[in-house]
Amino acid sequence: MSERSTSSNYGVFAKDYVPLPPKDADVLTTACDYCTVACGYKVYRWPVGKEGGARSAQNALGADFPNQMLNTAAWISPSQHNIVRHKGKPHHVVVVPDKDAKVVNVGGNHSVRGGTLAQKCFNPDNRTSERLQYPMIRVRGTLMPVSWDLATEVMADISKYVIAKHGEHAWAIKMYSYQYFENTYAITRLGMTSIGTPSIAPHDKCANTNDATGLDDAGIDSFAASYQDWADCEVAFCSGVDPYESKTTLFTTWMMPGDKKFIFVTPHQTMGVAWSVKNGRGLWLPIIPGTDTVLHMALARIVIENNWQDQEFIDKWVATPWEVDEGYGRGTRNTGWQWRTTWGTWQSDWEDYKKFILAQEESKLDVAAKITGLNAQDIRKAAEWIAKPVNGKAPKTSFMLEKGNYWSNNYMNTASLSALGLICGAGNRPGRMISRGGGHQRGMVSAGGGSGWLNPEKYPGRRKKDFNLDRWLMAGEVKFAWVFGTTWVAAMMASQALADKMQQLTRGSPHQITHLDRAAIFEVLKKRVDAGGMVMVDSDIYPCVPLGTEFADIVLPAATWGEDDFTRCNSERRLRLYSKFYDAPGDAKPDWWAVQKFAQKMGFDADGSYQWKNSNDVFEEAARFSRGGVLNYHPLVGKAKEKGVKGHELLRGYGTEGIQTPIRVRNGELVGTQRLHDPTNNWGELEQAEVQLQSLYAFNTHSGKAILLKSPWKFAGWIQFYDAVKPRADKGEIWVTNGRINETWQSGFDDLRKPYLAQRWPYPFIIVHPGDAKKKGIESGDFVQVHNDTVFVQTGQPQGVLDADLTFNQLMKDGHIKTTQGQFVAVAIVSDEMREGVAMANFNFPSAPANAVVSAVPDPLTNNYRYKLGRGVLTKMGESPYKRDFTAMSLKPRNIA
């Protein structure tokens, strides 16, 4: 069957014919590579030159074609087909959702992102031909192909020198936290254990911190819930998230059915919000960015004043004054969470929490409405929905939070939401949970190493603080940086200031490689680092702008999804094998392999380490490091050894269903864990080499009971910063937040190379309310510049002696805050889906980093950035080509249902 494609001024359209897999096609299982849900997929593979027939007996799908799409799961779209190399020979592959799935994407449901998975596979005849295929070293500004041996030898030469002369903290890693257990274990073993550097940060943070720290301090795991809990709740309180846009199948399969009510707290009325409102099941609370804490306190006050709290749950599962302090009193209290919970500013018991809420001026309904910008009656209605008993029975409410919540006021938003959920009886039972919805999948197994003591920055009282890698680089202290699969610049705050510094340290140095002689390369890089410069290595699948394209001295090609056997969990902790089904392009290798190659050049293999023959070896070695956490899969590896099979192969037998972690053993069989903190998980006796995690059956505190956390709105560590970054009316500024949309994933690294999605979103967008657009003469389709002339950047490594030392005003007074500017350009979509005074820009688009207008001053309590609190002046720059040519980039609003 032929495959046809057409072209336009904006690129290649999707083809409109695909072949069917023959009866004897290979069938493998995998899961989607994108959002946190990780829908289950099947891969059909067969040699080019052969195809199945239209009758059910003639194809591997067992379906007659055409079938008028009556059974969409037995239908293959053009975007689900590609041609790849398998064992060096061309093969067809189709990647389709598993129509037999009983979990996650039941019946083969899927998102448009997953529906285009096949298009991410390398094919030299389309834009995936841009994949990195060979190691390269930059010579006189041009990347030149080299061998893996030379690339890693050059890396080892300068790394040994940097560590010996400048210390291990001058050797840094910026890495993903999600891209499979095998890779993250290898990377952290190298950085944290073998080198022992504290200079490591994940893709989405400046420091190696937790996302929802307020949940942690309350004793709640961020991924405690199962998808069944979102199905079983009667009310879903969605804080800073629309699951339809960013975790589509969770919403469409598990949340939409039935008659549950939805409360969406977000300044953007996205598709899921619009659908729920149109169907009489939704309440949209278009909140002013950063004010969620006030909303939570106002809701809690209404609940308390009306005696709607779940008193039975509180009496059983919320800590008493003695239990709040249980386990304290020994040691130096030398960590961030110990500092936060030692002095009583935040933690409380039920009676103390009630007094706190009723004493807060901001918790009063009229005051809260003014601060949040919400209608007072809507706040009251939300309180009734989540807590008011109906016929004497409290509603089953679950609380979901995501980045709109914890990326604006990190600690206080998460702490106040946890308290609100707990008094409503949520946290550890079916349909009544408090949990993140999830962003990326859960692919981190850390080897640890305990090098955090090397951080020169401290919390008040000189207590340990997570290492801020961005600030360390800005100070010129990083001499060698290895970046794994992250945009870094666009993903971080004050993006352009960060890029400028990177350029200065790398390409701006006079000490550049001029030829491919190993000794000469070492001499010139040695001169660079001694002169205050930096060497950068970038491992990725595509040329990353600007890290790989402009700054990196060495670029390494990574093998990715479908090109090796990998494992990780989704947001309900479901572990699956992501099967290898085709050859990686050129000499691309998985990151665990690249780490091993480098480690051997460093001599770290002298003790027998770094001798992995395949990804299964890494998976099995990493298993013991998973035992202390909720992603524990160690029992599966133990069972595999009992059976005399590889861990990967045992997991392969679980297909797209997988098994939920923590995995345990009961009557000799592996058993998954549906939800955390659930007392029914307490089985008593352990079998085999298990670790009995208290978080399985109780809350993750010393007493096993949850802790109510106070959240004073006028806390100096928050309110000073918030007042400084608010839009300035006299300058014509508005809030400029950022977010995801349903069709694309992250920076668009794959999507910009897929015909359909590249046609749909060829350029970054900014959604602007009609009132804000009118003031600036902006129409849909116009190019718009967003400019912030005062972007704050925290500098240096300030020591915290007193609490006030890390407040914004004191940091400014002490010279630890500098100001810079930021701007980006995007195509306007004018729509009333936005709250007036707030615009939403495309999340993490490398050529137009919305984070450029956001201040790089982290939450002093958690060391996390406030990504959602950008601001700027919008200026029309002219018309884009998409304004009047409708063959690409729809400018239609998203609040349609």
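Where is the place of Pro 66? In this predicted model, in which local features need pLDDT of at least 70, side-chain atom pairs count only at pLDDT 80 or more, and totals for chains, interfaces and linings use all residues, Pro 66 is placed in the loop between strand E4 (40-47) and strand E5 (81-86). Residues are numbered from 1 along each chain as its sequence is written, and side-chain values use heavy atoms, with hydrogens and water left out. Helices (H or I, at least four residues) and strands (E, at least two) are DSSP runs, numbered from the N terminus.

Phe 65 and Pro 66 are joined by a cis peptide bond, with omega about -5°. A cis peptide bond also runs from Thr 661 to Pro 662, where omega is near -5°. Pro 662 belongs to the loop between strand E24 (659-660) and strand E25 (664-666).

Positive phi values occur in loops as well. His 677, although not a glycine, has a positive phi of about 70°; the residue is found in the loop between strand E26 (669-671) and strand E27 (708-709). His 677 counts as buried because its relative accessibility is 0%; buried means under 20% relative accessible area, exposed over 50%, and partly exposed in between (1.4 Å probe, protein chains only). Asn 863, a residue other than glycine, has a positive phi near 70° and is placed in the loop between strand E32 (838-842) and E33. With a relative accessible area of 0%, Asn 863 is buried.

The packing of helices was examined next. Two packed helices are described by the angle between their axes and the distance between the axes. Axes are lines fitted to C-alpha atoms, for helices over the stretch in contact, and angles run from 0 to 180 degrees between N-to-C directions. Helix H1 (residues 148-166) packs with H21 at an angle of about 55°, their axes being 9 Å apart. That angle makes H1 oblique to H21, since angles under 35 degrees count as roughly parallel, over 145 as roughly antiparallel, 65 to 115 as roughly perpendicular and the rest as oblique. The crossing in which H1 passes H21 is right-handed; a crossing is left-handed if the near helix is turned anticlockwise from the far one by less than a right angle, and right-handed if clockwise. Contact means heavy atoms within 4.5 Å. Among the residues that make the contact are Trp 148, Met 155 and Ile 163 of H1 and Trp 593, Phe 598 and Met 602 of H21. By class, the contact of H1 with H21 has eight nonpolar, two polar and five charged residues; Ala, Val, Leu, Ile, Met, Phe, Trp, Tyr, Cys and Pro count as nonpolar, Asp, Glu, Lys and Arg as charged, and the others, Gly among them, as polar.

H1 also meets helix H19 (residues 518-530): the two axes come within 10 Å and cross at roughly 35°. H1 passes H19 in a right-handed crossing. The residues in this contact include Leu 150, Val 154 and Tyr 161 of H1 and Ile 521, Phe 522 and Leu 525 of H19. They divide into nine nonpolar, one polar and six charged.

Helix H8 (residues 292-305) and helix H16 (residues 410-423) have axes that come within 8 Å and cross at roughly 20°, which makes H8 roughly parallel to H16. This crossing of H8 and H16 is left-handed. In H8, the contacting residues include His 296, Leu 299 and Val 303, while those in H16 include Met 412, Leu 417 and Leu 420. The contact of H8 with H16 has eight nonpolar, four polar and one charged residues.

In helix H22 (residues 615-622), the buried residues are Ser 615, Asn 616, Val 618, Phe 619 and Ala 622. They lie on the same side of H22 because they cover an arc of only 160° around the axis, the arc being that of the directions from the helix axis to the C-beta atoms. Their cover includes helix H2 (181-195), strand E22 (566-569) and helix H21 (591-602). Helix H25 (residues 716-725) is mostly covered, with seven of its ten residues buried. Trp 718, Phe 721 and Tyr 722 are among these buried residues of H25, which pack against H16, strand E28 (734-739), strand E30 (782-794), helix H28 (808-813) and strand E33 (870-879).

Trp 385 lies in helix H14 (residues 376-387) and counts as buried at 16% relative accessibility. Trp 385 and Thr 397 are twelve residues apart in sequence and 8.5 Å apart in space, C-alpha to C-alpha.
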